[in-house]
Amino acid sequence: MGRLDGKVAIVTGGARGQGEAEVRLFAAEGAKVVVSDVRADLGQALADELGDSAAFFRHDVSQEEEWDAAVAFATERFGPPTVLVNNAGIAHGAPIAQHSLEDFERLVAVNQVGVFLGTKAVIAPMTAAGGGSIVNISSGAGLRATKYLIGYAATKYAVTGMTACAALELARHNIRVNSIHPGLVDTPMLGSNTPEMTAGMLKGTPLRRMGEPMEIARVALFLASDEASYMTGAHVPVDGGVTV
Ligand SMILES: NC(=O)c1ccc[n+]([C@@H]2O[C@H](COP(=O)([O-])OP(=O)(O)OC[C@H]3O[C@@H](n4cnc5c(N)ncnc54)[C@H](O)[C@@H]3O)[C@@H](O)[C@H]2O)c1
């Protein structure tokens, strides 16, 4: 028996990195998974590999009408979504004085507006299904200061706040909302860091190594599953001990 048997999940940014690990693990645990991403080549290939358990939907999380289409696609293909992992994200780092407004607004559109729209979009289907679980991928940068990440941190603190507000408001519909706060995880996103930034972050990591995408996915699996049935509004660091 799978830990997500009977669940229909949408994983945004599911084509690679942590999202890909979540898609693979959720499908292996019995969920039907919509792989949502702007990267159609990778997303389609992943869904094809997983066969009947997964379907790809090209989806820009910053666009409201595309959320309606994504939920309709999931519902038609597998049934109303009962799990949403708001994982899609982009990174950008710069000293404040050099951080352009354009980059700031790009971060807000994907990392912040995307989570807001996703949360809105699944309330009706999850309520109709008797409940659901929303897992927001924030960051360590959504819990404490990180040098040169003012724009990224603004959006990740926003995700922390939206997680708390949504948990409070949606509990009456039996919709649980929790956030994961990864530390340094070995994904293509780290390509936007300078080697010095990555080395500095590793120095502050008690376990002295990066996390693997599957180490985040396993926590997302727990929060998505009924095993976490009394857990909502939690901000869970998965960061090799940085938070201590
Ligand atoms: N890698 C890390 O060290 C780290 C640390 C903390 C938090 N995070 C967060 O984890 C999440 C996953 O990141 P990752 O490390 O797997 O990075 P990644 O770059 O490998 O994956 C991000 C995915 O999001 C997709 N995406 C980007 N913009 C999108 C949009 N507008 N609509 C839909 N999809 C979009 C990308 O195509 C990509 O597939 C992000 O929210 C990121 O901020 C990452």
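## Basis of the description

Two residues are in contact if their C-beta atoms, placed from the backbone, lie within 7 Å. By this criterion, and leaving aside neighbours within four places in sequence, A224 is in contact with L4, K7, A9, F26, V83, S133 and V135.

The model is predicted: local features need pLDDT of at least 70, side-chain atom pairs count only at pLDDT 80 or more, and totals for chains, interfaces and linings use all residues. Residues are numbered from 1 along each chain as its sequence is written.

## The sheet and its helices

Helices (H or I, at least four residues) and strands (E, at least two) are DSSP runs, numbered from the N terminus. Two strands pair if DSSP finds at least two bridges between them. An open sheet of 7 strands runs in the order β3-β2-β1-β4-β5-β6-β7, with parallel pairing. Its edge strands, β3 (54–58) and β7 (235–238), each pair on one side only. Neighbouring strands of this sheet are turned by 20° against each other on average, direction ignored.

Strands β4 (residues 83–86) and β5 (residues 132–137) pair in the parallel sense over 4 bridges; the bridge partner of L84 in β5 is I134. Helix α2 (residues 40–50) packs on the sheet, touching β2 (32–37) and β3, and its direction makes about 165° with that of β3. Helix α3 (residues 64–77) also packs on the sheet, where it touches β1 (8–12), β2 and β3, with its direction at about 155° to that of β2. Axes are lines fitted to C-alpha atoms, for helices over the stretch in contact, and angles run from 0 to 180 degrees between N-to-C directions.

## The nonpolar core

A nonpolar core is a set of buried Ala, Val, Leu, Ile, Met, Phe, Trp, Tyr and Cys residues joined through C-beta atoms within 7 Å. A residue is buried if 20 or more other C-beta atoms, placed from the backbone, lie within 10 Å of its own, exposed if 12 or fewer, and partly exposed in between. The largest such core has 64 residues, and those with the most contacts inside it are A9, F26, V33, V35, A220 and A224.

## The ligand shell

The ligand is surrounded by 29 residues, the closest being G13, G17, G89, T187 and M189 (C-beta atom, placed from the backbone, within 6 Å). Helix α1 (residues 17–28) gives the most to this shell, with 3 residues.

## Two loop residues

Y148, in the loop between β5 and α5 (150–170), has a positive phi near 70°. N174, in the loop between α5 and β6 (175–182), has a positive phi near 60°.
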